[in-house]
Amino acid sequence: VLLVYPMVAKVPDLKVPDVANMSPAEAEDVLLDLGLKIAKEDELRPHDTIETGVVIETKPAKNRNVKKGATVTLVVSSGSQKVTLDDYTNKNYYEIKANLELKGIVVLEEKKEVTEIGELTEFSIVDQNPAKGTVVSSGDTVTFFLPELITEYPDFAKEGWSLQEVEAFAETYKIILNKKFEESAIVDPNYIISQSRPEGSKVEANARLTIVVAIEPIETIPE
């Protein structure tokens with residue numbers, strides 16, 4: 001028995017043509033003439049040098065091999081996206097980041113030490129670079145600084161801290177605490193006489209802190 005199999009036509013490969021700097025209508029004509037299909041929606045992208053409504057590139061890119069009938073998406077310029085920066089202090093980082101990125105701005109995040117947060121949240125902007133009034137374009141970079149709370153040492157003696165309160169403070173901030181005890185007729189027992197790190201200095205983990213704690217004077221019996 002002689003079996004005859006139908007011939008299956010091979011779909012030819014095509015190279016995606018370069019349609020950059022054409023209007024979408026012109027680009028579509030070129031692509032359709034080659035037997036390619038056009039995506040239903042163009043992709044819009046900011047561009048500083050290519051005018052609004054002009055093709056930047058295609059997806060797949062030019063010179064890529066594709067099958068006849070493949071779908072090609074046109075990437076079309078939405079024009080230059082120049083932005084005059086506002087003062088974004090105290091505003092939410094993620095909201096501002098999203099708005100600027102839509103305009104092609106590259107947004108970076110860094111931390112900045114602050115000693116007091118107040119009503120700020122961990123996502124509040126405390127500083128920016130460049131400053132308010134700077135004009136930036138798509139592709140430019142803006143850096144926003146978010147708060148990194150810096151705790152400072154209080155004056156334990158002046159503020160009347162007890163030994164237990166300082167021990168809790170040291171545990172919270174992972175401070176290595178050394179304790180010395182000294183008789184005092186002025187400071188109540190179990191309260192702080194002095195400390196090795198001055199008031200207002202920065203609290204850092206694994207730092208050593210020495211405190212002098214008051215104890216009751218030892219009574220001496222006269223001979």
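Tutor: Three strands, ordered S8-S11-S9, make up an open sheet with mixed pairing (strands are DSSP runs of E of at least two residues, helices are runs of H or I of at least four, and both are numbered from the N terminus; paired strands share at least two DSSP bridges). The edges are taken by strand S8 (106-114) and strand S9 (127-129), each of which has a single partner strand, so one side of each is left without a neighbour in the sheet. From one strand to the next, the twist averages 25 degrees (axes are lines fitted to C-alpha atoms, for helices over the stretch in contact, and angles run from 0 to 180 degrees between N-to-C directions).

The model is predicted, so local features need pLDDT of at least 70 and side-chain atom pairs count only at pLDDT 80 or more, whereas totals for chains, interfaces and linings use all residues. Residues are numbered from 1 along each chain as its sequence is written, and side-chain values use heavy atoms, with hydrogens and water left out.

Strands S9 and S11 run antiparallel and are joined by 3 bridges. Across this pairing, Gln128 stands opposite Phe144 in S11. Helix H2 packs on the sheet, where it touches S8 and S11, and its direction makes about 155 degrees with that of S8 (contact means heavy atoms within 4.5 Å).

With a relative accessibility of 11%, Thr143 counts as buried (buried means under 20% relative accessible area, exposed over 50% and partly exposed in between, with a 1.4 Å probe and protein chains only). Leaving aside residues up to four places away in sequence, Thr143 touches Leu108, Glu110, Asp127, Gln128 and Asn129. Between Thr143 and Val106 there are 8.5 Å in space, C-alpha to C-alpha, although the two are 37 residues apart in sequence.

The structure holds 9 aromatic pairs. In one of them, the ring centres of Tyr93 and Phe144 lie 6.3 Å apart with the planes at 80 degrees, so the pair is edge-to-face (rings of Phe, Tyr and Trp, the last by its six-membered ring, pair if their centres lie within 6.5 Å; planes under 30 degrees apart are stacked, over 60 edge-to-face and the rest tilted). This pair links distant parts of the chain, for Tyr93 belongs to helix H2 (residues 93-101) and Phe144 to strand S11 (residues 141-149), 51 residues apart. Both Tyr93 and Phe144 are buried. A further edge-to-face aromatic pair is formed by Trp161 and Phe169, at 5.6 Å centre to centre and 90 degrees between the planes. Trp161 counts as buried at 18% relative accessibility, and Phe169 counts as buried at 10%. Returning to Tyr93 and Phe144, both belong to one aromatic cluster that also contains Tyr88, Tyr94 and Phe123.

Finally, the chain as a whole supplies the context. It contains 3 helices and 14 strands. Its C-alpha trace spans about 130 × 65 × 20 Å along the principal axes. Buried residues make up 31% of the 223 residues in the chain. Among contacts with a separation of 6 or more, 70% are between residues 24 or more positions apart.
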